[in-house]
Amino acid sequence: MPGLVIERDVLIEAPAEVVWRTITEPDQMSQWFADRVELVVEPGAHGYMQFGDQGGPVVVEVVDPPARFSFRWNHPRGEEPVAGNSMLVEFTLTPEGDELTRLRVVESGHELRDWPDAEKQRYADEHRGGWAEYLDRLATLLGKRQPG
Amino acid sequence: MTTQTDDELWSAIADPSRCHVLDLLVSNGEVSASWLAGRVPFTRQAVSKHLVVLERAGLVSRRKQGREVLYQVQTDRLDQATRAMAQLAAQWDRRLAAIKRLAEAAHAENKKGDRHDG
């Protein structure tokens with residue numbers, strides 16, 4: 001169960017096939033994501049993304065055009081990215097009409113390694129709302145603080 | 001890029017029992033582990049364990065007063081956690097907005113091409 005979940009979505013006035021190309025073709029990715037993208041969009045393919053003078057490897061997980069695309073990144077150098085040492089980014093494309101597509105992204109990670117399973121399950125049950133609920137909880141905590 | 005420190009921070013906040021402890025600390029200022037144990041539905045040992053994790057993540061600090069150890073929230077760190085999460089979300093909002101712009105422009109371009117062909 002991830003320790004950090006961020007969910008966002010956007011409605012795009014274009015068919016899923018067009019959105020799919022935008023999120024998976026390296027020359028397109030370099031316009032919305034990294035400065036430089038070296039990636040073959042195949043399950044298990046290893047690629048590289050450059051952000052300014054920093055960069056890191058990515059590994060493709062799911063490629064199901066034009067509906068699902070996911071990759072892992074932010075894992076320690078020299079390690080294979082698996083659940084527990086990396087962040088998973090999952091895109092889901094859902095047609096909502098002729099030329100309308102809902103694009104949803106979920107970034108999750110920071111596996112809670114040392115939790116007992118019962119506690120993981122309880123956490124999962126309490127966090128179905130994902131990131132928004134999580135932030136609400138923090139906001140509630142912050143709101144309770146004494147002023148000043 | 002994330003760090004080991006972030007890892008500890010997220011894990012520390014993610015646990016509902018730990019969040020309960022954190023909640024009590026935020027509301028009540030500086031208190032002892034025994035005081036906390038009297039207000040939660042779990043054991044004194046569990047409270048101590050949670051406090052260790054929270055302290056390791058930098059969310060809680062402690063000081064000795066006489067024979068007692070008192071704990072309090074490190075508000076800077078809590079603010080930092082909230083900001084980090086808001087930043088990550090904002091980053092994805094910006095990326096999704098860019099994807100929307102690119103895809104819609106590509107789609108408009110395709111339609112123009114179709115009309116010329118027909």
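Biologist: How many helices and strands does the secondary structure of chain B come to?

Modeller: Helices (H or I, at least four residues) and strands (E, at least two) are DSSP runs, numbered from the N terminus. Chain B has 5 helices and 3 strands, in the sequence pattern α-α-β-α-α-β-β-α. This is a predicted model, in which local features need pLDDT of at least 70 and side-chain atom pairs count only at pLDDT 80 or more, while totals for chains, interfaces and linings use all residues. Residues are numbered from 1 along each chain as its sequence is written, chains are lettered from A and ligands numbered from 1 in the order in which they are written, and side-chain values use heavy atoms, with hydrogens and water left out.

Biologist: Which residues touch the most other members of the largest nonpolar core?

Modeller: A nonpolar core is a set of buried Ala, Val, Leu, Ile, Met, Phe, Trp, Tyr and Cys residues joined through side-chain atoms within 4.5 Å. Buried means under 20% relative accessible area, exposed over 50%, partly exposed in between (1.4 Å probe, protein chains only). Here the largest core has 36 residues, and Trp32(A), Phe69(A), Phe71(A), Phe91(A) and Leu103(A) touch the most other members. Among the elements that give two or more residues to this core are strand E5 (68-73) of chain A and helix H5 (75-117) of chain B. H5(B) gives the most, with 8 residues.

Biologist: What is Phe91(A) in contact with, leaving aside its neighbours within four places in sequence?

Modeller: Contact means heavy atoms within 4.5 Å. The partners of Phe91(A) include Trp32(A), Phe69(A) and Leu103(A), and also Trp92(B), Leu96(B) and Ile99(B) from chain B.

Biologist: How many aromatic pairs does a search of the whole structure find?

Modeller: A pair of aromatic rings is described by the distance of the centres and the angle of the planes. Rings of Phe, Tyr and Trp (its six-membered ring) pair if their centres lie within 6.5 Å; planes under 30 degrees apart count as stacked, over 60 as edge-to-face and the rest as tilted. The search finds 10 pairs over all chains. Phe33(A) and Trp73(A) have ring centres 5.3 Å apart and planes at 50 degrees, so this pair is tilted. Phe33(A) lies in the loop between H2 and strand E2 (36-38) of chain A and Trp73(A) in strand E5 of chain A, so the pair ties together parts 40 residues apart in sequence.

Biologist: Is Trp73(A) buried or exposed?

Modeller: Trp73(A) is buried, at a relative accessible area of 8%. Trp73(A) also forms an edge-to-face pair with Phe71(A), 6.2 Å centre to centre with 80 degrees between the planes.
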